[in-house]
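Please read the following explanation with the sequence and the three-dimensional structure side by side. The account begins with aromatic rings and then turns to a pocket, strands and a helix.

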Amino acid sequence: MARRKYGAVSWFERLRTLFILLPLPFVTLSRLLLSPFLSSEKHKTWRRVLADASFRYISSSMRVNEMQSVMGTTRDVYESWAKKNGLEARIDELGDDARLLWFTERRTDKILLYIHGGTYCLPLQDFAATYWKETIANVEKTTGCKVGLVALNYCKVLFSNDKFPTKGQLALIPEAYFPTQLTQLVRAIHHLFQQGIHPSNIHFAGESAGGALVLQLLSHILHPVPNVPPIAAKFGSACIMSPWVSVDGKTGSHLLNSNNDVLPAYTWAYLGEQSAPSFEVPGLGAEGARPYLEALNAPEDWWYGLSGVVKRVFVSVGEYECLRDDVVEVARKLGKEGFVTTVVQTKGVHNDQYLDVMAGEKRPGELTLKITEWLEQNLA
């Protein structure tokens, strides 16, 4: 099958995207009318019902390349967001389509390195950028300390397919696949070291695939991946939200919460099929890569020595998430070896904290308050 560039779509797929988006108002309004009768919805504001319904419908109806085409690249999103917010776009090029994107002035004392999610193939979202900018501003206001906020723009996986593919025909190209993103994250960290930033002043945050990438980093420090630059340091903290720790989607919460979450079980299964290793990873093989890609399947003693790698870890997941059981189990293993705070958000869905911003909610949600409080304690 022919190789497809990021976001490349045929005329047929452009037409298909249009037909997918046309019913969106009907889908969201229907959900709003039903929400008072649904246990998973009746606690939400009308803004959240509409935002959650639109997120679920679009992410479950469009193919990856179609979403890439609509969303643009991470750099596109960042530069547009910076312009809209009257900020200067500050970019550190790292090579091989990786870069650091600064949301604040460049700092060398204390920073939060944010790794965005999107199943390794979708870009940074502007509402996530807004969320972290506002969260760090609140942390600074409360603690009085200055924190640099920077995001990693990593290389996205590419897909190849037939001219008119079905979902089952999509195939992941090993290029830009594991350990590409891990290598770029390590390179970014070495770049920060070169700027004079001490490891203890580097704090990580990531959600979904970004959270999984933070776990990959911690795994790499404990169990070095061949051909990935080594790194030996003890970092400040890691805030890991709804990490994508298993790609097969077979745990009970996937079935139980499929109708409650903003990403249903069949969408996770589709994305997992595209992301599961089907080729040999040099130096590891296909099975040897699984503990890095799927933290759920790491051995019980995998995280031995974690307390020597990072001072504190925060792990969150929503009660109504498909990923709930997977994340809780990984948090249990992490907790055996490090200072770990685990939060299961009552009635929360995947990336619940961002959906509040997307919906335009005026008050911070339960999870945002807990994340902010935890960051204040660890960044102060």
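Rings of Phe, Tyr and Trp (for Trp, its six-membered ring) count as a pair if their centres lie within 6.5 Å; planes under 30 degrees apart are called stacked, those over 60 degrees edge-to-face, and the rest tilted. A search of the whole structure with this rule finds 14 aromatic pairs. One of them joins Trp11 and Phe12 in an edge-to-face arrangement, with 6.2 Å from centre to centre and 90 degrees between the planes. The structure is a predicted model, in which local features need pLDDT of at least 70 and side-chain atom pairs count only at pLDDT 80 or more, while totals for chains, interfaces and linings use all residues. Residues are numbered from 1 along each chain as its sequence is written, and side-chain values use heavy atoms, with hydrogens and water left out.

A residue is termed buried under 20% relative accessible area, exposed over 50%, and partly exposed in between, using a 1.4 Å probe and protein chains only. By this scale Trp11 is exposed, with a relative accessible area of 59%, and Phe12 is partly exposed, at 33%. A further aromatic pair, Trp244 with Trp268, is tilted, with centres 5.7 Å apart and 45 degrees between the planes. Trp244 lies in the loop between β8 (235-241) and α9 (252-256), and Trp268 in helix α10 (residues 265-275), so this pair ties together parts that are 24 residues apart in sequence. Both Trp244 and Trp268 are buried. The helices (H or I, at least four residues) and strands (E, at least two) are DSSP runs, numbered from the N terminus.

Ring pairs also link Tyr114, Phe127, Tyr131, Trp132 and Tyr354 into a cluster.

On a 1 Å grid over the protein atoms alone, a pocket is an open set of points with protein on both sides within 12 Å along at least five of seven lines, whereas a cavity is a set of points where a 1.4 Å probe fits but cannot get out; lining residues have an atom within 4 Å of a point. Grid points are joined across faces, edges and corners, and a volume is the space filled by probe spheres set on the points. The largest pocket holds about 660 Å³ of space. Of the 34 residues that line the largest pocket, Phe55, Met71, Leu122, Gln125 and Phe127 are the closest to its centre. Helix α4 gives the most to this lining, with four residues.

Strand β3 (residues 111-115) is mostly covered, for five of its five residues are buried. Ile111, Leu113 and Ile115 point one way from β3, and Leu112 and Tyr114 point the other way. Two strands pair if DSSP finds at least two bridges between them. Strand β4 (residues 148-153) pairs with β3 in the parallel sense over five bridges, and in β4 the bridge partner of Leu112 is Leu149.

Another strand, β10 (residues 339-345), contains Val343. Val343 is buried, with a relative accessible area of 9%. Val343 and Ser316 are 27 residues apart in sequence and 4.6 Å apart in space, C-alpha to C-alpha.

How many residues of α14 are buried? Six of its eight residues are buried, and α14 is mostly covered. The buried residues of α14 are Asp352, Gln353, Tyr354, Leu355, Asp356 and Ala359. After α14 comes Gly360, whose phi is positive, near 80 degrees.
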